[in-house]
Amino acid sequence: MLNLLKKISNRLNAICYTRSSRYKLRYLYSYDRKRFIRHAGSLHHEEKEQKLASVIMAYHVVEKGLSMPERRLGFGHDAVLNLISLIRDYSEKFPQDDQILHAISVLDAYREVHRKENFNLNPDLQQALDSLLADFPPADHGKGHMEMTREQYYAHLESPFPEFSASRHSVRHFNGPVSLEQINKAVSLARNAPSACNRQHARVHCICDKEIREKVLSLQNGNRGFGHLADKLLIITADLHDIRWEEERNDLYTNAGIFLMNLCYALHANKVAHCLLNWSVSPLQDIRLRQLVSIPDHETVVCILACGDCPEQFSLAASPRKPVSKILTIHR
């Protein structure tokens with residue numbers, strides 16, 4: 001009888017705990033949802049930081065196009081017009097910013113690339129470009145992308161960390177395979193990343209089959225023009241089994257993000273060129289990915305890395321960083 005009562009008591013406690021946890025989760029996600037609705041740039045467009053984020057995202061589309069391995073002249077007609085509109089809108093309301101100046105230099109580089117090739121842009125685009133660059137003369141000409149050699153790219157692998165870190169860039173030019181030994185060494189090194197209570201949430205799925213790679217890349221919206229050149233894909237996930245209480249709802253992304261950056265450095269150290277591809281997709285695309293790769297349901301997909309060997313010469317997107325003053329806040 002005592003054993004039966006004990007079992008009933010344990011069962012009731014489990015039910016109460018589960019219901020309490022579900023209530024707590026509703027409260028926590030409601031808190032997140034309200035903050036997102038109040039502040040997210042996808043819902044609000046008039047504040048300075050929101051407008052600047054739109055400009056940065058728009059110029060990155062253009063500078064990526066400038067650095068593509070198979071650059072098509074006349075590319076990005078709508079993207080360039082959108083960037084011009086965003087720059088004018090921002091400049092009417094706020095003082096110039098370094099990122100705005102870079103956006104202008106990207107447009108200048110875009111115009112210069114087509115001038116050198118004697119390629120005639122659409123008249124509406126040419127007029128909009130000339131007008132903007134006349135109103136806002138670029139300080140740095142031709143800074144939309146950087147030319148790089150393989151030797152230069154890997155020149156700082158043995159350098160002190162500041163130089164090594166600065167030498168790592170996302171690469172969109174792939175020219176040959178990388179070995180599973182290189183991948184294995186990089187993942188082994190990336191394990192040095194810290195994680196909450198040493199639970200080591202991150203997992204890596206390496207996709208080698210060409211047909212599956214192509215199907216996976218078709219579900220992601222940021223690899224057009226270069227993804228098909230990748231030799232391998234690394235799908236970074238984080239294991240929900242390692243979450244121990246409800247307040248850790250966002251810790252998967254924190255811990256996987258720390259691991260991901262460490263993995264990028266480790267890939268660079270092992271001469272694996274790579275480019276991070278976001279996984280900001282609909283549930284349907286996430287389900288399709290899991291069907292293709294058999295990713296367990298308890299693993300949350302965080303990011304995809306396109307990997308390959310880099311050629312002897314290639315281009316990189318300039319992608320300047322915000323100054324420390326825009327990032328660091330000192331509380332005394």
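Asp 209 caps the N-terminal end of helix α9 in this predicted model. One of its side-chain oxygens lies 3.1 Å from the backbone nitrogen of Glu 211. Such a polar contact is a pair of N or O atoms within 3.5 Å; within protein, one must be able to donate a hydrogen and the other to accept it, and residues adjacent in sequence count only if both atoms are side-chain atoms. Helices (H or I, at least four residues) and strands (E, at least two) are DSSP runs, numbered from the N terminus.

Helix α9 spans residues 210-217. Arg 213, Val 216 and Leu 217 are buried there. Buried means under 20% relative accessible area, exposed over 50%, and partly exposed in between, with a 1.4 Å probe and protein chains only. The three residues lie on the same side of α9, because they cover an arc of only 95 degrees around the axis. That arc is taken from the directions from the helix axis to the C-beta atoms. Their cover includes the strands β2 (202-207), β3 (232-239), β4 (273-278) and β5 (299-308), along with helix α11 (283-293). Contact here means heavy atoms within 4.5 Å.

Residues are numbered from 1 along each chain as its sequence is written. The model being predicted, local features need pLDDT of at least 70 and side-chain atom pairs count only at pLDDT 80 or more, while totals for chains, interfaces and linings use all residues; side-chain values use heavy atoms, with hydrogens and water left out.

A cavity is a set of points, on a 1 Å grid over the protein atoms alone, where a 1.4 Å probe fits but cannot get out; a pocket is an open set with protein on both sides within 12 Å along at least five of seven lines; lining residues have an atom within 4 Å of a point. The count comes to one cavity of 30 Å³ or more. Points are joined across faces, edges and corners, and a volume is the space filled by probe spheres set on them.

The largest pocket has a volume of about 1400 Å³. It is lined by 45 residues, and His 60, Val 61, Lys 64, Arg 172 and Gly 222 are the closest to its centre. Helices α2 (48-66), α7 (161-167) and α10 (251-269) and strand β4 each supply at least two lining residues. The largest share, nine residues, comes from α2.

Helix α10 also holds Asn 255. Asn 255 is buried, at a relative accessible area of 6%. A polar atom of its side chain lies 2.8 Å from the backbone oxygen of Asp 251. Beyond neighbours within four places in sequence, Asn 255 is in contact with Pro 194, Ser 195, Ala 196 and His 201. The C-alpha atoms of Asn 255 and Asn 198 are separated by 10.0 Å.

His 114 sits in helix α4 (residues 98-116). It counts as buried because its relative accessibility is 1%. A polar atom of the His 114 side chain lies 2.8 Å from the backbone nitrogen of Gly 74.

The protein chain has eleven helices and six strands. Buried residues make up 41% of its 332 residues.
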